[in-house]
Amino acid sequence: MKQQRARRTREKVLDAAAEEFSTQGYSGATLNAVAQRTGMTKGALYGHFDSKRALAGALVSQSRQVWEEMRLTRDVPGAGAADVLEALVLDLAQRLKEDVRLRAALRLATDVPDPAAPAADIFSDVQRGLVTLIRRAQGEGSMAPRPPELVAQLLLAVLHGAPHVAFGPPDATPDDPTAYTEAWRILLDSLTTVP
């Protein structure tokens, strides 16, 4: 019972920290603000995480696991690399829109002032995974021969900014999943079209 309560509190703290990091960035986020979001005292917060860096590290570690699970679920033997790339990018785009922890982890990866910090890894992990898939797709002849690193960087730039854009015509319902998916398909089609 006590362990379940501690686990729920830890999850509540991680959600609050993710909201704070996602909106304020690493340098703008404070433990006081995280504590306020949870309704806890700063001292009670320290019982779960001893520093802002520990909170950031926990979010990034969890998000790296999410990314790895996504990759392993999609990249199965026999699947074409271009199809895997498309499925992963669409899945990642949707998750970034809905999952504040993942959004926070990607922001932390580009925002943490100390490049040796654990937060720098999630962005690199995703980029390496995308580059690998792009190279495979190019080798299979299902993707245009463009610089894989540059294509991955473009995808990451759009992924990073996409949650902040309303896709679709002006009269569309906000957060229309059809328009969101269509926008991604346009980008992916332009990248995978072989001249």
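Predicted model: local features only at pLDDT ≥ 70, side-chain atom pairs only at ≥ 80, totals over all residues.
**Entry 1: H1 and H6**

I started with helix H1 (residues 2-28) and helix H6 (residues 100-111), whose axes come within 8 Å and cross at roughly 40 degrees. For my own reference, axes here are lines fitted to C-alpha atoms, for helices over the stretch in contact, with angles from 0 to 180 degrees between N-to-C directions. That angle makes H1 oblique to H6, given that under 35 degrees counts as roughly parallel, over 145 as roughly antiparallel, 65 to 115 as roughly perpendicular and the rest as oblique. Helices (H or I, at least four residues) and strands (E, at least two) are DSSP runs numbered from the N terminus.

I then looked up the hand of the H1 and H6 crossing and found it left-handed. The convention is that the near helix is turned anticlockwise from the far one by less than a right angle for left-handed, and clockwise for right-handed.

Next I listed who touches whom, with contact meaning heavy atoms within 4.5 Å. H1 brings Glu-11, Leu-14, Asp-15, Ala-18, Glu-19, Phe-21, Ser-22, Thr-23, Gln-24, Gly-25, Tyr-26 and Ser-27, and H6 brings Val-100, Arg-101, Arg-103, Ala-104, Arg-107, Leu-108 and Asp-111. I sorted the residues of this H1 and H6 contact into seven nonpolar, five polar and seven charged. In that sorting, Ala, Val, Leu, Ile, Met, Phe, Trp, Tyr, Cys and Pro are nonpolar, Asp, Glu, Lys and Arg are charged, and the others, Gly among them, are polar.

**Entry 2: ground rules and the whole chain**

Residues are numbered from 1 along each chain as its sequence is written, and side-chain values use heavy atoms, with hydrogens and water left out.

I counted nine helices and zero strands in the protein chain. Of its 195 residues, 40% count as buried, where buried is under 20% relative accessible area, exposed is over 50% and partly exposed is in between (1.4 Å probe, protein chains only). The accessible surface of the chain comes to about 10,300 Å², and 52% of that belongs to carbon and sulfur atoms. Those areas come from the Shrake-Rupley method with a 1.4 Å probe, and for residues only the protein chains shown count as cover. I also checked contacts between residues at least 6 apart in sequence: 67% of them join residues at least 24 apart.

**Entry 3: H1 and H2**

Back to H1, this time against helix H2 (residues 31-38): their axes come within 9 Å and cross at roughly 130 degrees. H1 is thus oblique to H2. I noted a right-handed crossing for H1 and H2. On the H1 side I found Lys-12, Val-13, Ala-16, Ala-17, Glu-19, Glu-20 and Thr-23, which meet Ala-33, Val-34, Arg-37 and Thr-38 of H2. By class, I put the contact of H1 with H2 at five nonpolar, two polar and four charged residues.

The axes of H4 and H6 come within 9 Å and cross at roughly 110 degrees, so H4 and H6 are roughly perpendicular to each other. H4 passes H6 in a left-handed crossing. From H4, I wrote down Ala-56, Leu-59, Val-60, Gln-62 and Ser-63, which meet Arg-101, Leu-102, Ala-105 and Leu-108 in H6. The H4 and H6 contact holds six nonpolar, two polar and one charged residues.

I zoomed in on Ser-63, found in helix H4 (residues 52-74). Ser-63 is buried, with a relative accessible area of 2%. Leaving aside neighbours within four places in sequence, Ser-63 is in contact with Arg-101, Leu-102, Ala-105 and Ile-122.

**Entry 4: Leu-130 and Leu-155**

I looked up two leucines to finish: Leu-130 in helix H7 (residues 121-139) and Leu-155 in helix H8 (residues 148-161). Leu-130 counts as buried at 0% relative accessibility, and I found Leu-155 buried at 0% as well. Their C-alpha atoms are separated by 8.6 Å, with Leu-155 and Leu-130 lying 25 residues apart along the chain.

Leaving aside neighbours within four places in sequence, Leu-130 is in contact with Trp-67, Leu-85, Val-89, Ala-152, Leu-155 and Leu-156. With that exclusion, the contacts of Leu-155 include Leu-85, Val-89, Leu-130, Ile-134 and Trp-184.
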